[in-house]
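This report describes the architecture of one protein, from its overall make-up to selected details.

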Amino acid sequence: MSLRSTARIGLLAGLLVLAVVWPAPAADREKLLTEPGVYGTFATFQMDHDWWDLPGESRVISVAEVKGLVEQWSGKILIESYLLRGLSDHADLMFRVHARTLSDTQQFLSAFMGTRLGRHLTQGGLLHGVSKEPTYVAGFPESMKTELQVNGASGSRPYAIVIPIKKDAEWWGLDQEARTALMQEHTQAALPYLKTVKRKLYHSTGLDDVDFITYFETEQLEDFHNLVRALQQVKEFRHNRRFGHPTLLGTMSPLDEILEKFAQ
């Protein structure tokens with residue numbers, strides 16, 4: 001083995017150690033994903049062409065820096081990663097970040113963009129929302145409330161779909177009873193797909209230029225396709241001024257694996 005190869009192996013081993021030492025206690029994933037009042041941010045990034053021209057060692061160093069940064073923040077916020085490259089033309093990478101305060105998310109993303117890898121990324125877009133208690137479920141029949149307790153199984157490597165939605169002025173002019181009736185019809189159409197399509201709703205009015213961010217996970221894209229087709233046929237859908245634009249499609253992947261692809 002050459003001296004240069006030995007030195008490179010030593011360098012990479014040292015960087016891997018730097019990426020994992022001093023692990024912070026992990027943020028409470030379950031609470032951040034289920035409790036109301038938690039902010040969710042979807043941040044997308046596209047890699048520039050210069051990145052792929054860098055020497056392999058430079059890319060490895062850059063990737064190790066990002067791993068260390070994510071580990072540093074893992075005790076305060078929940079950071080989930082998605083590979084969009086090959087499925088979305090809007091971006092290569094997406095983070096879904098959950099935090100108690102948006103300033104924590106802001107600090108993490110600012111630090112990320114300041115890394116060696118971050119300087120080769122163009123931010124494709126940001127969507128912000130907050131989780132809330134269900135608005136309309138209290139007015140649903142008890143049988144429907146029971147059916148809604150089903151927890152969908154998205155699988156170990158699910159597809160993730162993000163669809164921002166903006167409602168028209170007429171929707172917000174309806175009283176609570178009228179909106180509840182429309183959302184009951186919406187929910188009835190979605191019930192057949194609860195077992196194979198996990199979903200989460202974020203409220204964005206005032207935080208973004210959309211009203212809602214809808215997030216889905218599934219290994220059955222055909223079921224998701226059929227779910228959307230069913231929802232397009234209910235009366236509530238007529239009040240959507242924006243549905244997607246962009247719609248983001250990717251695969252939920254461990255950050256290490258995504259970064260390894262970027263390091264190759």
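Helices (H or I, at least four residues) and strands (E, at least two) are DSSP runs, numbered from the N terminus. The model is predicted: local features need pLDDT of at least 70, side-chain atom pairs count only at pLDDT 80 or more, and totals for chains, interfaces and linings use all residues. Residues are numbered from 1 along each chain as its sequence is written, and side-chain values use heavy atoms, with hydrogens and water left out.

**Overall make-up**

The secondary structure of the protein consists of nine helices and nine strands. Taken along the principal axes, the box filled by the C-alpha atoms is roughly 75 × 35 × 30 Å. The protein has 264 residues, of which 44% count as buried. Here buried means under 20% relative accessible area, exposed means over 50%, and partly exposed lies in between (1.4 Å probe, protein chains only). Contact means heavy atoms within 4.5 Å. Among contacts between residues at least 6 apart in sequence, 81% join residues at least 24 apart.

Ser 62 has its place in helix H3. With a relative accessible area of 3%, Ser 62 is buried. Apart from neighbours within four places in sequence, Ser 62 is in contact with Trp 51, Arg 116 and Leu 117.

The axes of H3 (residues 56-73) and H9 (residues 255-263) come within 9 Å and cross at roughly 160°. This makes H3 roughly antiparallel to H9. Axes are lines fitted to C-alpha atoms, for helices over the stretch in contact, and angles run from 0 to 180 degrees between N-to-C directions. Angles under 35 degrees count as roughly parallel, over 145 as roughly antiparallel, 65 to 115 as roughly perpendicular and the rest as oblique. On the H3 side, the residues that make the contact include Gly 56, Arg 59 and Val 60, and on the H9 side they include Leu 255, Asp 256 and Leu 259.

Glu 257 also lies in H9. The C-alpha atoms of Glu 257 and Gly 56 are separated by 16 Å, although the two residues are 201 apart along the chain.

Which residues of helix H8 (residues 221-231) are buried? They are Phe 224, Leu 227, Val 228 and Leu 231. These residues lie on the same side of H8 because they cover an arc of only 95° around the axis, the arc being that of the directions from the helix axis to the C-beta atoms. An α-helix has 3.6 residues a turn, so residues three or four places apart point the same way. The cover over the buried residues of H8 includes strand S5 (159-167), helix H7 (176-190), strand S7 (212-218) and strand S8 (240-243).

H7 and H8 pack at an angle of about 155°, with their axes 9 Å apart. H7 is thus roughly antiparallel to H8. His 186, Ala 189 and Ala 190 of H7 meet Leu 227, Ala 230 and Leu 231 of H8 in this contact.

**The loop between S8 and S9**

His 245 lies in the loop between S8 and S9, and Pro 246 is found in the loop between S8 and strand S9 (248-252). The peptide bond from His 245 to Pro 246 is cis, with omega near 5°. Phi of His 245 is near 55°, a positive value in a residue other than glycine. Most residues other than glycine have a negative phi, and most peptide bonds are trans.

| Residue | Relative accessible area | Class |
|---|---|---|
| Ser 62 | 3% | buried |
| Glu 257 | 34% | partly exposed |
| His 245 | 66% | exposed |
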